[in-house]
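Colleague: I would like to go through this structure with you slowly, one question at a time. Could you show it to me first?

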Amino acid sequence: MRALIVVDIQNDFLPGGALAVNEGHLIIPVVNGLMSKFELVVATQDWHPANHQSFASNHSEKEVGEVVDLYGLPQILWPDHCVQHSRGAEFSDDLNTSAFSQVFQKGTDPRVDSYSGFFDNGRKNDTGMADYLKTKKVSHVYVVGLATDYCVKYTALDAVSVGFKTSVVSDATRAVNLQPEDYNTALQDMSKAGVLIVESKDISPLSID
Ligand SMILES: [Zn+2]
């Protein structure tokens with residue numbers, strides 16, 4: 001069975017948000033349209049405590065974009081974003097959240113960031129998404145959402161690593177692009193790892209594989 005994984009389509013990652021992804025809102029109609037092609041739709045939600053150590057504001061004399069060592073892992077410092085229970089952490093009002101059978105929250109441990117919807121960046125904590133999908137007999141996951149070069153990429157790489165056939169729907173993602181080539185580099189990195197890069201128009205209706 002196929003499942004759609006909707007990554008982090010939250011207000012803070014959309015234009016006007018704290019960590020806005022350029023054109024992020026343009027994927028929402030594409031993602032909503034894809035939902036009807038899947039028997040199972042799940043979502044990830046970045047869900048940080050206010051003292052999260054990925055926030056530049058929680059480090060003295062550090063700026064957004066600097067890289068620090070966080071308990072042995074390199075950590076890019078971000079603006080405060082997706083703080084638990086804030087408006088910025090909510091899913092977009094335009095997103096069809098009623099289709100979600102389960103939401104997996106990540107980034108809840110202040111000591112470690114979590115780009116992937118499966119594991120934190122140190123791969124210590126598991127959100128339970130892999131077990132959930134396997135319990136539902138999912139064999140092939142399609143990953144969409146924000147952002148191509150971070151949470152979509154690491155969710156897709158982890159999906160491959162735990163044994164799912166994995167596709168990323170390129171027109172249903174947008175990148176942060178700290179460097180202008182990051183979108184293309186992310187697609188190449190995923191492709192090299194075995195992720196299939198597809199477009200929404202090529203996804204067949206329910207359910208032939
Ligand atoms: Zn975050």
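Colleague: Which handedness does the β-α-β unit made by β6, α3 and β7 have?

Modeller: Please keep in mind throughout that this is a predicted model. Six bridges join β6 to β7, and these two strands run parallel; within this pairing, His140 stands opposite Lys165 in β7. Together with α3, the strands β6 and β7 make a β-α-β unit that is right-handed.

Colleague: Which handedness does the crossover from β7 through α4 to β8 have?

Modeller: β7 and β8 pair in the parallel sense over three bridges, and Val169 stands opposite Val198 in β8. The chain passes from β7 through α4 to β8, and this β-α-β crossover is right-handed.

Colleague: In what order do the strands of the open sheet lie?

Modeller: The sheet is open, has six strands and shows parallel pairing. Its edge strands are β5 (102–106) and β8 (196–198), each of which pairs on one side only, and the twist averages 25 degrees from one strand to the next. Reading across the sheet, the order is β5-β2-β1-β6-β7-β8.

Colleague: Which residue of β5 is the bridge partner of Asp46?

Modeller: Strand β2 covers residues 40–46 and runs parallel to β5, with five bridges joining the two. For Asp46, the bridge partner in β5 is Lys106.

Colleague: How many of the 14 residues of α3 are buried?

Modeller: A residue counts as buried if 20 or more other C-beta atoms lie within 10 Å of its own. Among the residues of α3 that are buried are Tyr150, Cys151, Val152 and Tyr154, and the buried residues of this helix pack against β1, β2, β6, β7 and α4. Helix α3 (residues 148–161) is mostly covered, and its number of buried residues is twelve.

Colleague: How are α3 and α4 oriented to each other, roughly parallel or roughly antiparallel?

Modeller: Two packed helices are described by the angle between their axes and the distance between the axes. Here the axes of α3 and α4 come within 10 Å and cross at roughly 5 degrees. Angles under 35 degrees count as roughly parallel, and therefore α3 and α4 are described as roughly parallel.

Colleague: Which residues of α4 make the contact with α3?

Modeller: By class, the contact of α3 with α4 has five nonpolar, one polar and four charged residues. On the side of α3, the contact is made by Thr148, Asp149, Lys153, Ala156 and Leu157, and on the side of α4 by Asp182, Tyr183, Ala186, Asp189 and Met190.

Colleague: Which peptide bond is cis, with omega near -10 degrees?

Modeller: The place to look is the loop between β6 and α3, where Ala147 lies. The cis bond is the one from Leu146 to Ala147.

Colleague: Is Glu61 buried or exposed?

Modeller: Glu61 is found in the loop between β2 and β3 (67–70), and its phi is positive, about 60 degrees, although it is not a glycine. Because Glu61 has 6 C-beta neighbours inside 10 Å, it counts as exposed.

Key: Residues numbered from 1 in each chain as written. Predicted model: local features only at pLDDT ≥ 70, side-chain atom pairs only at ≥ 80, totals over all residues. Pairing = 2+ DSSP bridges. Helix = DSSP H or I, 4+ residues; strand = E, 2+ residues; numbered from the N terminus. Axes fitted to C-alpha atoms, helices over the stretch in contact; angles between N-to-C directions. Contact = placed C-beta atoms within 7 Å. Parallel < 35°, antiparallel > 145°, perpendicular 65-115°, else oblique. Nonpolar A, V, L, I, M, F, W, Y, C, P; charged D, E, K, R; others polar. Right-handed = clockwise from strand over helix to strand, strands pointing away.
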